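Please load the model and keep a selection panel to hand. The stops below move from the whole chain to its cores, sheets and charged pairs.

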Amino acid sequence: MRLRIPLALATAAAALAGCVTVQTATADPAAARHRAGPEARQGYACSSSVAIRGWSDSLDKTTFRGLPVAGLSALAPDGHGRYVALSDRSALFTLDVARGPVPRARTVGAAPLADAGGAPLDSEGLVVRRDGSRLVTSETEPSIGRYAADGTFTGERLPVPAMLRVEPDGRAQRNQTFEGLTAWRGGHRLTASMEGPLRGDGTDGAGRPLVRFQNWRLPKERQPGGQALPVAQWAYPVDDGLAVAEIAAAGDGRLLVLERGYDVATKANTIRLYLADPRRAGDVRDVARLHTGQGGVRPVRKTLLADLGDCPDLGAPNPSPQPNPLLDNIEAMAVAGRAHGRLELLLASDDNESAQQVTRLYRLAVRLPHP
């Protein structure tokens, strides 16, 4: 069933206070679909804090120099007006993305990735540093390695606490490790989010599984021989049945967290955007088994910004029977702009190189609540 744009949603969008302009629904459904399609220049409310401005399938089922532009798991601005997209098929793509509401994109560069032994990565998280180097997570071990812009491994890997390593070396479950990565504090602090909980970790008071976010202090980029240092670790309560797909620094000490899930029975993706505030969270790096009620376990506080299933579909097609055809397996998120407590986000879905899924870009406008 296609979602319409009820008046209540349009009214809620006005609370974005200039972040977007919203049109109300019309009595003519065909006209409403036309205005809300990929050419639309207005934003449409998903919640009182989030509006979708547009979407684009311009990258779907494309290739660049023989590499499928697919499996996109992370996005990051490159500092020169373009974006770097990370494929979990062990490749980096450079994208030109249109600045308007509709995020049309074209691929203008590609670089294959490999580990120190030449093997491909299960690459999931990405940060582009100011010197142009790329920090890339591999979910396999897990690891975070530093790469040159052409994809060459520099030989530098960040130290990973033992408990976060995949069993039997640690307590992480396979394919549940470093899924998200972001830098903040001027690029000197790095945070990686585990996709799922460690074996033996418990839940918070609401029964939500606790996953770990690991921080590092990064040396200055011009500091030769500087070493990354693991610092605080936080407990984050992820919604039951979902996993942490991506994180991004909001610019004020808080984090945007993208939670994702898929229901096989209904064939529906669930995508929720949260604002997480870690400033009063406890440091749990020395806590062997997480559960609320034990000393020092103060989880990150989070606030729901939007369930993206509540966004109007904007006339988007989908090869699978999604309740909201706009959605797919969204894994990538980048902050595309900041101004006066408002953010512009660019999101991308991972099509898993499947004919039943789509590589789609989304542009969102987000108003952050006051800290």
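Predicted model: local features only at pLDDT ≥ 70, side-chain atom pairs only at ≥ 80, totals over all residues.

Residues are numbered from 1 along each chain as its sequence is written, and side-chain values use heavy atoms, with hydrogens and water left out.

Switch to a cartoon, and the protein shows two helices and 23 strands; helices (H or I, at least four residues) and strands (E, at least two) are DSSP runs numbered from the N terminus. Among contacts (heavy atoms within 4.5 Å) between residues at least 6 apart in sequence, 57% join residues at least 24 apart.

Next, select Ile-52, Leu-256, Leu-273, Leu-308, Leu-345, Leu-347 and Val-366, which touch the most other members of the largest nonpolar core, a set of 30 residues. Such a core is a set of buried Ala, Val, Leu, Ile, Met, Phe, Trp, Tyr and Cys residues joined through side-chain atoms within 4.5 Å. Strands that each supply at least two residues of this core include β2 (50–56), β18 (255–263), β19 (268–277) and β23 (361–367). Apart from this core lies another, of 18 residues, among them Leu-158, Phe-178, Ala-192 and Ala-228.

Now pick strand β9, residues 123–128: six of its six residues are buried, so this strand is largely enclosed by the rest of the structure. Four bridges join β9 to strand β10 (residues 134–138), and the two run antiparallel; strands count as paired if DSSP finds at least two bridges between them. Val-128 stands opposite Arg-134 in β10. The two strands form a hairpin with five residues between them, and Gly-132 in the turn has a positive phi of about 90°.

Move on to the open sheet of four strands, ordered β17-β18-β19-β20 with antiparallel pairing. At its edges stand β17 (243–249) and β20, each with a single partner strand, so one side of each is left without a neighbour in the sheet. Neighbouring strands here are turned by 30° against each other on average, direction ignored; the axes are lines fitted to C-alpha atoms, for helices over the stretch in contact, and angles run from 0 to 180 degrees between N-to-C directions. Between β19 and β20 there are six bridges in the antiparallel sense, and Ala-276 stands opposite Lys-302 in β20.

Asp-239 is buried, with a relative accessible area of 9%, whereas Arg-272 is partly exposed at 24%. Asp-239 also meets Lys-302 at 2.7 Å, N to O; Lys-302 lies in strand β20, so that pair ties together parts that are 63 residues apart in sequence.

Notes: Buried < 20%, exposed > 50% of the residue type's maximum accessible area, 1.4 Å probe, protein only. Salt bridge = Lys/Arg side-chain N within 4 Å of Asp/Glu carboxyl O.
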